[in-house]
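Reader: Could you take me through this model? I would like to ask about a few parts of it in turn.

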Amino acid sequence: MSWDFDYFMELFLAGLTRGSIYALIALGYTMVYGIIELINFAHGEIYMIGAFTALIVTGVLTLMGWNSVAILFIAAGVAVVYSSAYGYTVEKIAYKPLRNAPRLSALISAIGMSLFLQNYVLLAQTSDFLPFPALIPEFEWLRPWEHIVRSSQVVIYVTTAIVMILLTFLIKFTRIGKAMRAVSQDKEMAMLVGVDVNRVISVTFIVGSATAAIGGVLIASHIGQINFYIGFIAGIKAFVAAVLGGIGSIPGAVLGSLVLGWTESFFTGYISSDYEDVFAFLFLVFILIFRPSGILGRAESEKV
Amino acid sequence: MISFAEIKKSFLVSLWFVFLTFPIMVIRVNTIYKRVEWRWENMLLVGIGSFFFSFVWRYLLRRKELGRKKELAEEAGVRVTLWQRITEDRRIYLLVLAVVIAFIAAYPFVFSMYQTNIMISALIYIMLGLGINIVVGLAGLLDLGYVAFYAVGAYSYALLNYHFGLNFWLALPIGAAAGAFFGILLGYPVLRLRGDYLAIVTLGFGEIIRLILENWNEFSFGPSGIANIPRPWFFGIKMSLEQSSIFIYFLLIALVVFTIFVVNRLKDSRIGRAWIAMREDEVACQAMGIDRTKTKLTAFALGATWAGMAGVMFAAKTTFINPASFTIWESINVLCIVVLGGMGSILGVIFGALALILLPEYLRAFSEYRMLLFGFILVTMMVFRPGGIISATRRTYKFKSLDES
């Protein structure tokens with residue numbers, strides 16, 4: 001059988017694209033879980049709201065006749081601001097009152113918030129698939145490889161890499177990053193040494209939502225259409241990726257996302273595309289059975 | 001009571017919400033006609049609504065705090081909730097029971113067939129709610145893929161009838177057994193998982209089952225579903241549509257009574273107490289010698305049995321099934337019933353099912369807002385009243401601390 005290198009590269013790069021987007025969303029999941037041990041079901045909806053906000057801003061500015069690249073940056077900026085605001089508000093309403101409640105309550109509240117946000121966007125906007133204008137211009141130097149990779153994909157890779165670097169810088173070298181690490185290790189102790197835990201949690205939600213918004217804008221301009229439902233599936237897959245890499249660990253989220261993106265891409269490219277979602281879930285089940293702490297996670301023993 | 005500081009706070013909150021919802025509520029971009037629609041009245045709506053809502057929210061939060069403080073400071077003695085007082089007084093209980101029985105018996109003859117159908121729907125959801133109550137309410141395992149067992153029951157009746165001509169009465173126990181089997185099958189991999197992971201994995205299983213049903217056309221006929229599923233027969237009497245509905249209604253009443261009876265007995269049995277112990281503290285219950293594996297698997301299996309039976313009834317009622325009726329929203333629907341009504345409480349689940357199924361039918365004008373309301377209910381119930389409307393608390397006795405006496 002002749003080896004179709006082009007097809008392989010196409011799948012590889014498509015997987016890299018998926019993985020990058022999952023990584024941007026999974027970062028939010030893993031950071032929130034590391035800090036308050038809650039799966040933020042509404043996180044996928046924050047990503048979707050980021051995409052929608054970008055669409056709205058783009059629509060308004062396009063009609064006013066602005067330059068396409070400028071629109072991209074402004075739309076991304078506004079989307080980030082709004083998603084962070086939504087993340088902050090969701091935390092204050094649905095999670096803060098339940099910080100000392102049993103885990104089940106917080107989880108159900110998260111599901112309720114996810115449901116609420118989805119339908120809020122559905123009712124306030126529309127249930128149709130809305131077309132998203134292609135804001136990223138085709139690069140000239142990419143032309144020889146046009147059939148394998150598009151310029152929007154390259155933008156996704158570069159942006160994700162930049163976001164990773166910035167985030168690592170934030171966590172490792174700033175004071176707030178140190179506070180975040182402290183709260184995720186031991187919340188009570190952090191309170192005792194004077195860390196404002198409420199503020200740290202809010203900042204975590206804001207940063208996580210911001211990265212998800214960037215992911216939303218990028219994937220919207222890459223695929224070209226958005227819908228109120230995209231947050232749900234992307235959220236589940238990003239969660240699978242975060243668990244795969246070890247929930248609570250930031251490099252783990254990235255690694256898990258890339259692994260999931262590549263395996264999904266190769267699976268659908270070479271085997272079948274009907275059962276794509278089934279594959280992701282089965283993958284998750286296997287990981288949770290055989291290595292529940294994920295690839296890079298630390299095996300936590302439950303203290304009584 | 002309403003000071004200036006409060007008003008200022010609420011005003012700031014409403015400003016924040018107006019800012020927050022500005023793009024999504026006020027602007028609508030129509031890319032086909034290249035038009036932008038500005039809906040300023042929404043901004044006013046959000047502003048005023050959030051202003052009042054913030055008052056209500058803070059008031060309720062304050063009441064919750066006060067209630068908790070009062071609880072801690074209370075005198076020793078027996079604490080009984082309102083519902084317990086009603087159900088334990090013999091005379092009132094018998095009177096209420098007689099009225100309820102009369103109402104149930106007369107229902108299909110007094111109301112039209114449309115109403116009877118709605119009630120049949122509600123009864124099926126009561127069964128589902130009681131089943132998931134075992135898994136989520138009693139055992140504390142958040143199962144988001146519960147609809148998978150529902151689908152298994154429905155499809156087993158449909159397929160067995162299609163291939164082997166199996167009639168309804170045989171299919172009912174087989175559906176229940178299939179549900180139990182799948183319950184154990186799906187419960188086995190999730191034994192070691194904690195709450196959050198369990199939720200996601202069960203959600204995944206629910207989706208897997210639905211996707212398999214949708215895509216494996218040779219087995220399940222895919223999205224076109226299976227039609228012409230026969231209704232339950234009664235000694236070969238040919239029944240019209242209306243009589244058939246009435247028959248299904250009474251059959252469901254009988255099944256629901258059976259379910260209530262079984263769940264009630266289970267709750268007070270050894271396995272029921274084991275579930276409640278597991279829900280409260282898994283490690284402690286293991287230390288007391290309760291076999292965690294067996295308890296969890298039994299919870300899943302028994303919960304799934306009811307879903308299987310409800311699935312068979314659903315297939316018989318609607319005579320047509322396809323994978324679209326078994327999405328995760330159904331699971332969340334059932335979860336909402338249990339959360340609203342009261343986790344672990346039978347009366348609460350009945351109330352929740354009636355509220356969440358009957359009200360939307362009568363308020364069809366607002367059907368768009370239904371899922372929005374569900375999300376809202378889930379969040380507010382968890383924040384303000386996690387026990388549900390009719391919570392399942394037992395009689396509590398509070399001991400006086402030695403220092404006070």
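Author: What follows is a conversation about a predicted model.

Reader: Let us begin with chain B. How many helices and strands does chain B have?

Author: There are 16 helices and four strands in chain B. Of its 405 residues, 39% count as buried.

Reader: Which domains does the assignment give for chain B?

Author: The domain assignment lists domain 1 of chain B as residues 4-62 and domain 2 as residues 82-396. Taken over C-alpha atoms, the centres of domain 1 and domain 2 of chain B are separated by 38 Å.

Reader: And the contacts within chain B: what percentage join residues at least 24 apart?

Author: Among contacts in chain B between residues at least 6 apart in sequence, the figure is 79%.

Reader: Turning to α7(B), what span should its 20 residues have?

Author: Helix α7 of chain B covers residues 168-187 and, at 1.5 Å a residue, should span 28 Å. Its end C-alpha atoms are 28 Å apart, so the model agrees with that expectation.

Reader: Which residues of α7(B) are buried?

Author: Among them are Phe168(B), Leu172(B), Phe182(B) and Leu186(B). The buried set also includes the glycines Gly175(B), Gly179(B), Gly183(B) and Gly187(B).

Reader: What do the buried residues of α7(B) pack against?

Author: They pack against three helices of chain B: α6 (147-164), α8 (195-215) and α13 (292-318).

Reader: Since α13(B) has come up, at what angle do α10(B) and α13(B) pack?

Author: Helix α10 of chain B, residues 241-268, packs with α13(B) at an angle of about 175°, and their axes are 12 Å apart. Because of that angle, α10(B) is roughly antiparallel to α13(B).

Reader: Which residues of α10(B) and α13(B) meet?

Author: From α10(B) there are Ile248(B), Leu252(B), Leu255(B) and Thr259(B). In α13(B) they meet Trp306(B), Met309(B), Met313(B), Ala316(B) and Lys317(B). By class, the residues of this contact between α10(B) and α13(B) are seven nonpolar, one polar and one charged.

Reader: Now the contact between the chains. How many residues does each of chain B and chain A give?

Author: Chain B gives 43 residues to the contact and chain A gives 50. On the side of chain B that touches chain A, α1 (4-26), β1 (27-30), α8, α14 (328-341) and α16 (370-384) each supply at least two residues.

Reader: Which of these gives the most to the side of chain B that touches chain A?

Author: That is α8(B), with 12 residues. The side of chain B that touches chain A comprises 31 nonpolar, six polar and six charged residues.

Reader: I have two residues of chain A to ask about. Where does Thr30(A) lie, and is it buried or exposed?

Author: Thr30(A) lies in helix α1 of chain A, residues 5-36. Thr30(A) has 31 other C-beta atoms within 10 Å, and 20 or more are required for burial, so Thr30(A) is buried.

Reader: What does Thr30(A) touch?

Author: Not counting residues up to four places away in sequence, Thr30(A) touches several residues, including Ala242(A), Ile247(A), Ile250(A) and Ala253(A).

Reader: And Pro133(A): where is Pro133(A) found?

Author: Pro133(A) is in the loop between β1 (130-131) and α5 (151-173) of chain A. With 16 other C-beta atoms within 10 Å, Pro133(A) is partly exposed. Not counting residues up to four places away in sequence, Pro133(A) touches Thr58(A) and Thr62(A).

Reader: How many Å separate the C-alpha atoms of Pro133(A) and Arg99(A)?

Author: They are separated by 41 Å, and the two residues are 34 residues apart along the chain.

Methods
Residues are numbered from 1 along each chain as its sequence is written. Chains are lettered from A and ligands numbered from 1 in the order in which they are written. This is a predicted model: local features need pLDDT of at least 70, side-chain atom pairs count only at pLDDT 80 or more; totals for chains, interfaces and linings use all residues. The expected span of a helix is 1.5 Å times one less than its number of residues. A residue is buried if 20 or more other C-beta atoms lie within 10 Å of its own, exposed if 12 or fewer, and partly exposed in between; C-beta atoms are placed from the backbone. Two residues are in contact if their C-beta atoms, placed from the backbone, lie within 7 Å. Axes are lines fitted to C-alpha atoms, for helices over the stretch in contact, and angles run from 0 to 180 degrees between N-to-C directions. Angles under 35 degrees count as roughly parallel, over 145 as roughly antiparallel, 65 to 115 as roughly perpendicular and the rest as oblique. Ala, Val, Leu, Ile, Met, Phe, Trp, Tyr, Cys and Pro count as nonpolar, Asp, Glu, Lys and Arg as charged, and the others, Gly among them, as polar. Domain bounds come from an automatic or database domain assignment.
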